[in-house]
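Please look over the fold shown here and read the report alongside it.

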Amino acid sequence: MQNVLIVGAGSGGTKILNLLLNSNFMNVSAIVDVDEQAPGIVIANKLGIPYGFDWKLFLTDEVHIVFDVTGEKAVFDELMKSIPMHTLVIPGSIANLLVGLLNENDQYIRKLQTEMDRQRLIFNSIDEGMIGINHEGVIDFINESACKMLEVSDFDAIGKSIGDIIPESKLVRVLSSGRSEVNEELILRNGLKIVSSRYPLISTEGKTFGAFAIFKDVSEVVKLAEEITDLKSIKTMLEAIIQSSDDAISVVDEKGNGILVNPAYTRITGLSEDEVIGKPASVDINEGESIHMKVLQTKKPVRGVTMRIGEDNRDVIVNVAPIIVDQEVKGSIGVIHDITEMRSLMKELDWARQTIRKLESTYTFNDIHGSSSEINLAIDQAKVASKSDIPVLLRGEAGSGKELFANAIHSGSDRKSSKFIRLNCAAIDPFVIEKEIFGHNAAHDTGAAFRSGLLEEAGTGTLFLDEVTNLPLAVQSRLLDYLQLSRTNRRSNASTETARIIVASTKNLEKAIHEGTFNMDLYYMLNQLSIQIPSLRTRKSDIPEVALQLLKKLNQEFGMNVESISEEAMQRLQKYEWPGNVRELENVLSRAMIFMKHGSAVIREEDIKRSLSTNEVKTEEVALPEISTLATVMDDYERTVLEKALAEHDGNKSLTANRLGISLRSLYYKMEKYKLI
């Protein structure tokens, strides 16, 4: 947390004060002005923020940043002479510029969110069903019309495989082929007859990243067109439906002359009833032949024909069915889907998603909380790693934050504008993990369709392999080859760039090498830059800061407004050993928030006790020596563990520290404490 002193409480200083009040990483230590009625002084007085009239009284070694918004050169010069070596002075002109830029960024994000909401409203008001999938065949978009036709909620559909929701769907085929399939008839498992058009989603780089389908319930229209035997009865029965339909509908007689159109038809084509009724069916066509005339000649329905019609040359999809009475064609009925606006909206949606992805940031070093020597050492090592391209090995217990460190290293590197991809090697079938990382290769998978792997997908970004010891030996060997190629390219300044590799493990790699389950050469390649992430029990002084940050996150997730954690509850948290580390702390806090009394804004000790009751493990009774204290017993036990660990690793201090899950600095401290050096 950065401590900030604001010199000048006028309009500029007040703007900066209001901005920093909402900051998670800056703390206003004081605000100063010679005018005791300055607006910033008034606000500070109400909020209990320290204030005064002489900045010299507040300029201490604990101040990291000083905002000078007085506009007086003499004040600025005196500040520059008086500030400590580590303190930064920012003049008011630069401070105001920063405030303006941040306000503009907030306005842009709000405008973008409003536009996204507007587009979502448009999609949900469309009568056609729309559904989209990502590159894995998983549904990531569905509108209300599709939910009604499929008899499923968007909550149950999004995130599921398209085959689970629509077993008859051909979207995966379109995803693989990259080719559109226009207006095909399909009968859903609930008996509904639809006409569906499917399109691939192709990025500006020409890669297919998904597919979407547009479909319409045509059960009633087709049934009426095929089963009603009297043309006059058709007109009477269908008129109400046709006039109220959002789809353009046109009906012609056996000679191909128009006898009925609806308002939607006029809206799409720009042609009035007088310009169509009694006129040839081709009157509205700008490009393509008349489907009405083709149906009248063949007596068979035609579906999914793409055409351009009307004064605005709109792109449409046309379905036409014959009207047959006593085995004689008495006319035909056509349903026209306008896809011009849909395509435009899909492009806008894709653009908006890409823009939001660019605005979103991954975790940075600012998201790693704590001030203990153990965590600071790990952060310093990670910052060094972010400036290099060599592989990084993150070691630590489950839940200690290895993925957070990997994200921060990526965000702090020159590769931050490229992708960060995570793969948990323990969660993937060992038989397919090689294809997942390296992709399908004709040399290895003869006849298999080509599919790029995660290394190719990461491009010049970062691939994070969690639980790397779960990789089969053959895959370890290929990964070693890839890392050696990357090192060769770096040394020769080759133009071919490869992905940066970061790996993590909770297991003892040295033991895995000894057991023959981990490649020794790969270990030495990865161990060039090894970072030990400290467990939470070794840095209990960080628990208050970490817990409060987690509380903010959980408030957002649960929609709650828990303000703080009582001192007794915090002490209880600091007494616990946390075998599950930060992940377990988050779990305990989330359950404590659920256990809280309704209306309470503070987590109390009893809430923590109830939450911890399922986590704490009762220990067996231990007989203590007659003359002993808890401190002496713990010291004796810790010394025994250190001696045993050092003996197991032949005195190698780096391996011993890794084995015990502590930093090398902590190991030397303990060895000196117990006179083991």
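## Strand 1 and its partners

Val4 stands opposite Ile65 in strand 4. A second pair across these strands joins Ile6 to its bridge partner Phe67, also in strand 4. Strand 4 covers residues 65–68, runs parallel to strand 1 and is joined to it by four bridges. The model is predicted.

Strand 2, residues 26–32, also pairs with strand 1. The sense is again parallel, over six bridges. Here Val7 has Val32 as its bridge partner in strand 2. Strand 1 spans residues 2–7, and five of its six residues are buried, so the rest of the structure largely encloses it.

Five strands make it up, in the order 3-2-1-4-5, with parallel pairing. Strand 3 (51–52) and strand 5 (88–91) stand at the edges. Each edge strand has a single partner strand, so one side of each lacks a neighbour in the sheet.

In general, strands of a sheet pair through backbone hydrogen bonds, in either a parallel or an antiparallel sense. In a regular strand, side chains alternate between the two faces of the sheet.

## The whole protein

The protein has 677 residues, of which 45% count as buried. Its secondary structure comprises 28 helices and 23 strands. The accessible surface comes to about 36,700 Å². Carbon and sulfur atoms account for 51% of that surface.

Contacts reach along the chain. Among those between residues at least 6 apart in sequence, 59% join residues at least 24 apart.

## Nonpolar cores

The largest nonpolar core has 31 residues. The residues with the most contacts inside it are Ile437, Leu455, Leu463, Leu465, Leu471 and Phe518. Several elements each supply at least two residues of this core, among them strand 18 (420–424), helix 17 (433–438), helix 18 (454–458) and strand 19 (462–466). Others on that list include helix 19 (473–492), strand 20 (500–505), helix 20 (509–514) and helix 21 (520–526). Helix 19 gives the most, with five residues.

Which residues does Phe518 contact, leaving aside neighbours within four places in sequence? They are Val468, Thr469, Leu473, Gln476, Leu509, Ala512, Ile513, Tyr523 and Leu526.

## Helix 24

Helix 24 runs over residues 581–595, which makes 15 residues. From first C-alpha to last it reaches 21 Å, close to the 21 Å expected at 1.5 Å a residue.

Is helix 24 largely enclosed or left open? Eleven of its 15 residues are buried, so the rest of the structure largely encloses helix 24. The buried residues are Asn581, Val582, Glu584, Leu585, Glu586, Val588, Leu589, Ser590, Arg591, Ala592 and Met593. Their cover includes helix 22 (543–558), strand 22 (564–565), helix 23 (567–575), strand 23 (602–603) and helix 25 (605–612).

## Ala592

Ala592 lies in helix 24. Its relative accessibility is 0%, so Ala592 counts as buried. Residues up to four places away in sequence aside, Ala592 touches Ile603, Asp607, Ile608 and Ser611. The C-alpha atoms of Ala592 and Glu606 are separated by 8.8 Å. Along the chain, these two residues are 14 residues apart.

## Two positive phi values

Trp578 lies in the loop between helix 23 and helix 24. Its phi is near 55°, a positive value in a residue other than glycine. Trp578 is buried, with a relative accessible area of 0%.

Asn581 lies in helix 24. Asn581 is not a glycine, yet it has a positive phi of about 60°. Asn581 counts as buried, at 0% relative accessibility.

Key: Residues are numbered from 1 along each chain as its sequence is written. This is a predicted model: local features need pLDDT of at least 70, side-chain atom pairs count only at pLDDT 80 or more; totals for chains, interfaces and linings use all residues. Side-chain values use heavy atoms; hydrogens and water are left out. The expected span of a helix is 1.5 Å times one less than its number of residues. Buried means under 20% relative accessible area, exposed over 50%, partly exposed in between (1.4 Å probe, protein chains only). Contact means heavy atoms within 4.5 Å. Two strands pair if DSSP finds at least two bridges between them. A nonpolar core is a set of buried Ala, Val, Leu, Ile, Met, Phe, Trp, Tyr and Cys residues joined through side-chain atoms within 4.5 Å. Accessible areas come from the Shrake-Rupley method with a 1.4 Å probe; for residues, only the protein chains shown count as cover.
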